Amino acid sequence: MDGNTKKYRRVYDTKEITYLYCELSFYNKLFDEADWEAKISLKAFSLNETGRRELCSIDRKVEITSDQNIVIIREGWGNKEEGTFWLRGDYEWEAYIEDEFVGVKSFYVENGGMVDQNLNPYFEVDIVRLYEGPNEGIIPEQRKSYIEFDANECRFIWVEFNIINKQALPWYCELFFNFYNDAGQLKGNTSELKYINPEDSFITFTTGWGADSKGTWYHDKYTLEVIFMDQLIAVIPFEVKDDFVEGIPLVDLNFNNIPLPMSIQEEKGPSLEELMKSLHEMIGLSGIKSKITDYTSYLKFLQLRKDQGFEENQKISLHSVFLGNPGTGKTTIAKLLGQIYFKLGLLSKGKVTEAGRAELCGKYIGQTAPQTKEVIEKARGGVLFIDEAYSLVREGDTGQDFGREVIEVLLKEMSDGPGDLAIIVAGYPKEMNHFLASNPGLKSRFNLLFEFPDYLPQELIQIAELAAEKRYVKFAEDSKKFLSEKLTEAYRNRSKAFGNARMVTGLVEEAKMNMGLRVMKSQNPETLTAEQLQTIELEDVKQLFKNSSLVSPDIPVDELLLQEALSELNKLSGLEEVKNDLLEMVKLVRFYIETGRDVLNKFSLHTVFTGNPGTGKTSVARIISKIYKALGILERGHLVETDRQGLVAGYIGQTAIKTMEQIEKAHGGVLFIDEAYALSEGGNSDFGKEAIETLLKQMEDKRGQFIVVVAGYVDNMRVFMEANPGLKSRFDKVLEFNDYEPSELFSIALNMLAEENLTPDEEASLRLKEYLNSIFLKRDKFFGNARSVRKVIKEAIRNQHLRMASLSGEERTTEVLQMLTIEDVKSFIPETYQPAGRIGFRLGS
C-alpha cells in the first residue's frame with residue numbers, strides 16, 4: 001500500500017513514494033472462544049544479485065479479542081520526502097507470528113518518471129482489442145475483435161492491451177483492469193504484472209472477466225478502465241446486446257477534456273417534452289409532478305435570462321431530499337430528473353449512480369474520504385443517488401463514526417466542488433429529518449425537498465393493472481375486485497415498511513405464477529384459448545392471501561430428556577414457586593398433547609422473569625428450553641441469550657435488521673433477553689422502541705416457532721411491560737424469582753463446594769451460615785444472591801488451596817485435601833445487622 005491509503009499495488013515509482021505499508025491479515029482460530037496476545041513481526045528487505053539486506057523490522061504485541069474473526073495488522077516504513085528512502089530496486093515484505101514465518105510479498109520500485117493523465121514516460125498505448133472466449137483464453141490467430149457482444153452466447157470478455165515500451169532499462173509493469181456497467185458499478189477487476197526488458201519494444205497484456213457458463217453478461221453498456229501507477233490511462237467502451245458486432249473499439253486516452261456545452265452535444269434519448277410526458281403519465285405522485293414541472297419551468301426561465309445577458313449571483317442547486325417509504329417511486333423519479341437536467345444542459349450525462357453507506361464508508365481510518373470522493377467522481381455529470389442516507393448518522397454520534405466523514409465530504413462538494421453533479425439523498429421521513437438535523441450545513445445545501453406519499457388504494461390497483469399489462473396478463477373482474485379489497489386492507493394497516501408499488505408488483509408476479517400452475521394442472525392445457533392463457537382468475541389471487549396455517553411438528557414426548565430437565569429443575573436450590581408453576585405447565589401441556597388439542601393456541605409460552613441477579617433466571621431459561629424440546633413444542637430447544645446491545649444497532653434503520661437476526665438464531669428455540677427493560681428506557685426516540693415493535697410483530701407472525709423470555713429487576717420490568725400495549729398481551733405469564741433465603745444460600749454454597757470435591761467441617765459450616773445470613777439481612781435490590789455466594793466460595797477455595805500448598809506431601813491426606821476448615825473462611829466476618837434509624841424526634845416523658 002502506498003502512503004496511508006489502501007490501494008494495493010506491487011509496482012511504484014520512486015518519485016511518488018513516501019511511506020510503503022504492508023498489511024497482514026489472518027483468521028483468528030480462537031474466534032468466539034478466548035482472547036489472546038500475539039507477537040507480530042513485519043520485515044522489509046531490499047534484494048540484489050548477491051543477496052538481500054534487511055531495511056526494517058517492526059515488532060508489535062497485539063491483543064486479539066475473541067470477537068475478531070479476521071485480524072488485520074498494518075505497518076509502514078519510509079520517509080516523508082518522496083524518493084529519499086525507497087529507491088529503484090526489488091523488495092520483499094515478510095511476516096512472522098510468534099517468530100514463525102507466515103508469508104512473503106514481493107514489490108518493485110521503478111525510476112522511470114511520474115505518471116499522470118498528461119504524461120506517461122513508461123509506454124504508449126497501441127491497439128486494443130476486445131474478444132470473447134472461455135476461461136483458458138484463445139490463441140491470437142483465433143481472436144475476433146468485437147465492439148458489441150451477444151448476451152446469450154458470451155462467456156469471458158477478454159482484452160488484448162498492446163503497449164510500446166519507452167524505457168531504456170528493464171522494469172516491472174503492473175496494470176489493473178476494471179469492468180464497470182452503465183450505472184458505474186464494478187462488475188469485475190483483474191491485474192497483470194510483467195517484467196519488461198529494454199529490447200521488448202512491443203508488449204501485449206491479455207486478461208478477461210466473466211464465466212465459462214453463458215449468459216452471465218447482461219444487456220447493458222460497459223466500460224473497461226485501465227489503471228497504471230494509480231492513474232487512469234485508458235477507457236474502452238463496449239456493449240452487450242443481442243448479437244456479436246465485429247470492430248476495433250474506440251479507446252479514450254484523454255481525460256482532461258471539458259464536457260461540451262449542451263447546445264452542441266449529440267442529441268440522444270427522449271426529448272425534454274417526452275420526459276415531462278412520461279412524468280405526468282406516472283400513477284399518483286401529483287405533488288411531485290407539480291413540483292418538478294414548476295422547477296423545470298423556473299430553470300428554463302433562468303436559462304432565458306442567461307441568454308439575454310443577465311448574471312445570476314447564486315449557482316443553480318440541483319441537490320434534493322426525497323422523503324418516503326419503500327416503493328413510492330423515489331429511484332424512478334431520480335432517474336427521470338437526471339435525464340431532465342441533462343436535457344436542460346445542467347448535467348453533462350444525466351445518468352444515475354446509486355450508492356449507500358457500504359459504498360461510501362471505508363473500513364479503516366483515512367479510507368472513507370478517498371472512497372467517497374471516488375464515488376462522487378464516478379457520478380460526476382449525473383445524479384448521485386444515496387438511498388437510506390440516514391444510515392450515515394449514528395445514534396449518539398460523537399463525531400468518530402465514518403458516516404460523519406462522508407457527510408463532510410458531501411458538504412464540501414456541494415459548497416465548492418466543480419459542479420456537474422446532482423446529489424439526491426433518500427429515505428424514511430422520520431429518519432431523514434434526523435439526518436438533516438445532524439449537521440447544520442445539510443438543510444442549507446439541499447434546497448429541494450420532495451415528499452413521496454404512500455400510494456392510495458385506487459392508485460395501487462392501477463399499478464397492479466399496469467404491471468399485469470407489462471407481463472401480458474390481465475385480471476378478471478372478480479379477481480380485480482378481490483385484489484382491490486385486499487390492497488385497501490393492506491393500506492389501512494400499513495406501517496412505515498409498507499411496500500407500495502414494490503409490494504403490488506410482487507403480488508402480480510406471484511398471481512401470474514399461480515395462474516400458470518392452475519393452467520398446467522388442467523386437462524389438455526394446450527387446447528386453451530389465448531384469453532384463458534392471459535386471464536388471472538379469482539382463485540389465482542385468493543391463493544396470494546392464504547394464511548399458511550402453522551402445523552406443529554409431530555414430535556413424540558422425549559421422556560428421558562423430560563426427566564433429565566425436571567431433575568435439573570428440582571436440583572436447583574429454592575425457587576419453589578417457580579418450580580410449581582413450571583410443573584403445572586408441564587402437566588397441562590402433556591394433557592393437551594395427549595388429547596390432541598392445539599398447544600400453541602392454548603398457551604402463550606412467552607414468559608417474563610422478574611428478580612434480582614443470581615436468582616437462577618438464566619439457569620431456569622435453559623431448563624425451560626429443554627422441557628419444551630422434550631415435549632415436542634420446540635424443534636431444536638436451544639437457548640439464544642442476548643440483551644439490548646445484541647438487539648439495538650447504532651445506525652438509524654438498522655435495529656430491526658439486528659433484532660431479526662437474533663430472532664432467526666432463536667428459531668425453534670428460546671430467545672432469552674436479559675435486562676430487557678433497557679429497551680424501553682430511552683424514550684420514544686430511542687432505537688430500543690423499534691426493537692420492541694419488531695419483536696412483538698415476529699412473536700405474532702411466527703407464533704409457536706420460537707419462545708421469548710424477558711428478564712430483569714422487578715420494578716424495572718413492571719415499567720417495561722407498560723412501555724408498549726402489546727407487551728402484556730404477548731407475555732401473560734410472569735415468574736417471580738425471589739431472593740434466596742439464608743438456608744438456600746448455604747445449600748448453594750455446599751453444592752459449589754461439592755463440585756470442587758470439598759466439604760466444610762462443623763466450624764467452617766457455622767461461619768459460612770453466619771456470614772451468608774448477615775449479607776442476606778443487609779441486602780438491597782442489587783443483591784447478587786447465588787453470584788454473591790459464588791464469590792465467597794471462590795475465595796474460600798483459593799484460601800484452602802493456598803493452605804494445602806504450605807503442607808508437606810505426607811500431611812496432604814485425602815481427608816485433609818477434601819476438607820474446608822475455619823482457616824479457609826475466617827476472613828468472612830459476619831456483620832451485625834442494624835435496621836435504619838428513625839427520622840424525627842423522640843418526645844421525653
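The model is predicted, and the protein chain has an average pLDDT of 84. Its domain assignment runs from domain 1 to domain 6, and the helix pair picked out here is α2 with α3.

**Confidence**
- A pLDDT of at least 70 is reached by 91% of the residues.
- Residues 1-5 stay under 50 in pLDDT, and the model gives them 21 contacts beyond four places in sequence.
- The stretch 255-268 is also below 50, with 18 contacts in the model beyond near neighbours in sequence.
- A friendly reminder for anyone setting up calculations: where pLDDT is low, the predicted coordinates should not be read in detail.

**Domains**
- Domain 1 spans 11-110 and domain 2 spans 123-246.
- Domain 3 is assigned in three pieces, 272-304, 316-394 and 402-452.
- Domain 4 covers 457-544, domain 5 covers 559-737 and domain 6 covers 742-824.
- Between the C-alpha centres of domain 2 and domain 4 there are 46 Å.

**Helices α2 and α3**
- Helix α2 takes in residues 286-307 and helix α3 residues 330-343; their axes come within 12 Å and cross at roughly 15°.
- With angles under 35 degrees counting as roughly parallel, α2 and α3 are therefore roughly parallel to each other.
- The crossing of the two helices is right-handed.
- On the α2 side, the contact uses Ile288, Ile292, Tyr295, Thr296 and Leu299, while α3 brings Ile333, Leu337, Ile340 and Tyr341.
- Eight of these contact residues are nonpolar, one is polar and none is charged.

Terms used:
Residues numbered from 1 in each chain as written. Predicted model: local features only at pLDDT ≥ 70, side-chain atom pairs only at ≥ 80, totals over all residues. Heavy atoms only, no water. pLDDT = per-residue confidence, 0-100. Contact = heavy atoms within 4.5 Å. Domains from an automatic or database assignment. Axes fitted to C-alpha atoms, helices over the stretch in contact; angles between N-to-C directions. Helix = DSSP H or I, 4+ residues; strand = E, 2+ residues; numbered from the N terminus. Parallel < 35°, antiparallel > 145°, perpendicular 65-115°, else oblique. Left-handed = near helix turned anticlockwise from the far one by under 90°. Nonpolar A, V, L, I, M, F, W, Y, C, P; charged D, E, K, R; others polar.
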